[in-house]
Amino acid sequence: MIRITLALALLAGPAMAASGTDPDWPCIQRLQPHLSMGQVWTGPIPDDATLALARDPQIARLAERLEQRRLPLETAEAEIADYAAEAPDTHLVALMQAIFDRIDTDRGALIAGIARYGRAQVALSDRIEARRARMAELEAAATPDFDAIDAEEEGLDWDSRVFTERQQSLTYVCETPVILEQRVFALGRAIAGHLD
């Protein structure tokens, strides 16, 4: 039973990985370490003055609040509308730049974490294979050491359980960068809707 479960778990790993050049990337989504502003923003391209304005404390505070996923999108859109009622277009573009910078930084850190997660899964898979080989050696011995076999089987069972649970949570982990992309796009659309 253990071997069947392990085989299924190990087979699920490659099926979940995206085709690409990074062997650490365990997600079906294609690895894209950073976004570009043009992917999520239809407004004017920020110039140097706008980039500097994006660091203004008032804009930075609002951007920090709006980018938080716990803030409902409807509330964020209302706050953007309130800000847009008084702000010139340059401030709105700067707000978008500030939001984009924050979300892209958060997304980059998240992607690095997912790559570490992928490396940990590969290492755990290697450890499971080593345990299976060790068990086979112990079982094939002329005088099997049943205590050692039991200990190895217990370790194999534990590692297999951890591997399977991590694989099951991989779908959620891999969706998080997509959620951030959707949020920055939605905020960009809301801001662009107030530009003259």
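Guide: A disulfide is a pair of cysteine sulfur atoms within 2.5 Å. By this rule the count here comes to 1 disulfide. The model is predicted, with local features needing pLDDT of at least 70 and side-chain atom pairs counting only at pLDDT 80 or more, while totals for chains, interfaces and linings use all residues. Residues are numbered from 1 along each chain as its sequence is written, and side-chain values use heavy atoms, with hydrogens and water left out.

Visitor: What makes the pair Cys 27 and Cys 174 a disulfide?

Guide: The S to S distance between Cys 27 and Cys 174 is 1.9 Å, and the cut-off is 2.5 Å. The link of Cys 27 and Cys 174 is left-handed, with -80° about the S-S bond.

Visitor: Which parts does the pair tie together?

Guide: Cys 27 is in the loop between helix H1 (2-16) and helix H2 (37-40), and Cys 174 is in helix H7, so the link ties together parts 147 residues apart in sequence.

Visitor: Why is Cys 27 called buried?

Guide: Buried means under 20% relative accessible area, exposed means over 50%, and partly exposed is in between (1.4 Å probe, protein chains only). Cys 27 has 1% relative accessibility and therefore counts as buried. Cys 174, with a relative accessible area of 6%, is buried as well.

Visitor: How many helices and strands does the protein have?

Guide: There are 7 helices and 0 strands. Both are DSSP runs numbered from the N terminus (helices: H or I, at least four residues; strands: E, at least two). The order of the elements from the N terminus is α-α-α-α-α-α-α. Of the 196 residues in the protein, 40% are buried.

Visitor: How do you know that H4 and H5 are roughly antiparallel?

Guide: The axes of helix H4 (residues 57-67) and helix H5 (residues 73-86) cross at roughly 160° and come within 10 Å. Axes are lines fitted to C-alpha atoms, for helices over the stretch in contact, and angles run from 0 to 180 degrees between N-to-C directions. Angles under 35 degrees count as roughly parallel, over 145 as roughly antiparallel, 65 to 115 as roughly perpendicular and the rest as oblique. H4 and H5 are therefore roughly antiparallel to each other.

Visitor: Which residues make the contact of H4 and H5?

Guide: Contact means heavy atoms within 4.5 Å. H4 contributes Gln 58, Ile 59, Leu 62, Arg 65 and Leu 66, and H5 contributes Thr 75, Ala 76, Glu 79, Ile 80 and Tyr 83. By class, these are 6 nonpolar, 2 polar and 2 charged residues. Ala, Val, Leu, Ile, Met, Phe, Trp, Tyr, Cys and Pro count as nonpolar, Asp, Glu, Lys and Arg as charged, and the others, Gly among them, as polar.

Visitor: What is the handedness of the crossing in which H4 passes H5?

Guide: H4 passes H5 in a left-handed crossing. A crossing is left-handed if the near helix is turned anticlockwise from the far one by less than a right angle, and right-handed if clockwise.

Visitor: Why are H6 and H7 called roughly antiparallel?

Guide: The axes of helix H6 (residues 89-140) and H7 come within 9 Å, with a crossing angle of roughly 165°. H6 and H7 are therefore roughly antiparallel to each other. Their contact holds 28 nonpolar, 8 polar and 13 charged residues. H6 passes H7 in a left-handed crossing.

Visitor: At what angle do H5 and H7 cross?

Guide: The axes of H5 and H7 cross at roughly 30° and come within 9 Å. The crossing of H5 and H7 is right-handed. Leu 73, Ala 76, Glu 77 and Ile 80 of H5 meet Arg 183, Ala 186, Leu 187, Ala 190 and Ile 191 of H7. This contact of H5 with H7 divides into 7 nonpolar, no polar and 2 charged residues.

Visitor: What makes Arg 69 partly exposed?

Guide: Arg 69 has a relative accessible area of 45% and is therefore partly exposed. Arg 69 is in the loop between H4 and H5. Leaving aside residues up to four places away in sequence, Arg 69 touches Thr 176, Ile 179, Leu 180 and Arg 183.

Visitor: Why does Thr 176 count as buried?

Guide: Thr 176 has 7% relative accessibility, so Thr 176 counts as buried. Thr 176 lies in helix H7 (residues 146-192). Not counting residues up to four places away in sequence, Thr 176 touches Arg 69 and Leu 110.
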